[in-house]
Amino acid sequence: MTDEKVIVMNMGTLDSRVHSEKPVFCLGIESSCDETSAAIVDSDRNILAHIIYSQIPEHQKYGGVVPELAARAHILAIDQVIEQTLQMSGKSLDDIDVIAATAGPGLIGGVLVGWMAATGIAQATNKPLVAVNHLEGHALVPRLKSTLADGTAGDVAVQFPYLLMLASGGHCQILLVHGVGQYEMIGQTLDDSAGEAFDKVAKMLGLGYPGGPIVDKRAKDGDRTAFKFPRPLCDKPGCDFSFSGIKTAARTFLDKNQKPLTDKYINDFCASFQAAVVDYITNRLGNALNDNRVKAAGPKTLVVAGGVAKNSEIRAAMENLAHKNNMVFAAPPMNLCTDNGAMIAWAGLENFRIGNVVKTPIAPRPRWPLTEL
Ligand code: KG4
Ligand code: ZN
């Protein structure tokens, strides 16, 4: 993947209006899974400060996130994470115009911690509060200016509407993003998410948690044709996903094999599994591009977001697909793919600009589809 073709962020339709006003600063808080994170962003799409406290080491010995441990770890970390973020930005709470936090979907114990912290700050300082849908954070973060891994600024604009592959640990959806708060579901998984499939296959191989990055790394040294994983639904029209067949195939291959597994076996297994996921995503996105709703909207940009967007092969395949369809490919930099406070701060700021602030107290939602905003 060549970096100059990757766009990281944009302003969109509100640019001209916002540029003529004084900058707006938003403090955003994320706590829906195993990262306690806070960030301050401004309306010029800059990240002023960003702290991500990852709990992954605490959950690793259990092979996955333990909700009760996560909630407790969020409680212990949240004050310090917010305080350090403010310090890093050189701003005080007086300089902040709006407070935002994830209000769902996610593990409710963790969501409550961040949401109550944000509510407390907003009430004590009499500032507006935005309830951010975590998925909208992933969906809008490609519009935030940031820095690519090679240190170059991503300053080419991603305009609405865009076609989004949202692939995380909890979700796998193809969405047409018409604007802030305007999402049209084109396809979604009927069972597991893509991230769950990576995590489960890694667990079967005894590779640890989270599985995605480990499988991605192992796949680089493997033979992608060694195992014939199925590509479920690929012979059928439509844009939905199902990962259960791929998982069952993984189990069956492993049951037939003698233990212990060799390094070569694991690398080939990871490469073959990842190849199936990549083909699958490409097939479903190909169908999405031919969907009448998508054709009518005419998105010019193909975007990938969510933790699985870190996957090197998925990024490369989507970039290829975009160029074949005369589209531009956009992907957030690696640290903004997995859960982070900057995406929540940015989604909070975008919602604030259209007046979408909390007017009466709300209860956080463990389930909250993007189509119900
Ligand atoms: O977006 P995220 O941080 O959390 C949710 O909102 O669910 O995504 C976490 C998921 C995990 O399943 C993890 O295995 C996966 O993203 N992931 C990857 C890679 N890096 C993280 N999957 C495939 N390849 C990667 N390089
Ligand atoms: Zn997420």
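Domain bounds here come from an automatic or database domain assignment. In this predicted model, the protein splits into two parts: domain 1 covers 11–142 + 336–372, and domain 2 covers 155–331. The C-alpha centres of domain 1 and domain 2 are 26 Å apart. Into their contact go 24 residues of domain 1 and 23 residues of domain 2.

**The interface**

Putting domain 1 and domain 2 together buries about 2100 Å². Carbon and sulfur atoms carry 67% of that area. On the side of domain 1, three residues stand out: P142, C337 and L370. They supply 25% of the area that domain 1 buries against domain 2, more than any other three residues.

What polar links join domain 1 and domain 2? Six residue pairs are in polar contact, counting pairs with both residues at pLDDT 80 or more. Salt bridges between domain 1 and domain 2 number zero.

**The face of domain 1**

Which elements give two or more residues to the side of domain 1 that touches domain 2? They are α2 (56–60), α5 (134–140) and α12 (341–353). The largest share comes from α5, with five residues.

The residues on the side of domain 1 that touches domain 2 sort by class as follows.

| Class | Residues on the side of domain 1 that touches domain 2 |
|---|---|
| Nonpolar | 12 residues |
| Polar | nine residues |

Technical notes: Residues are numbered from 1 along each chain as its sequence is written. Chains are lettered from A and ligands numbered from 1 in the order in which they are written. This is a predicted model: local features need pLDDT of at least 70, side-chain atom pairs count only at pLDDT 80 or more; totals for chains, interfaces and linings use all residues. Side-chain values use heavy atoms; hydrogens and water are left out. Contact means heavy atoms within 4.5 Å. Buried area is the accessible area (1.4 Å probe) that two parts lose on being put together, summed over both. A salt bridge is a side-chain nitrogen of Lys or Arg within 4 Å of a carboxyl oxygen of Asp or Glu. A polar contact is a pair of N or O atoms within 3.5 Å; within protein, one must be able to donate a hydrogen and the other to accept it, and residues adjacent in sequence count only if both atoms are side-chain atoms. Helices (H or I, at least four residues) and strands (E, at least two) are DSSP runs, numbered from the N terminus. Ala, Val, Leu, Ile, Met, Phe, Trp, Tyr, Cys and Pro count as nonpolar, Asp, Glu, Lys and Arg as charged, and the others, Gly among them, as polar.
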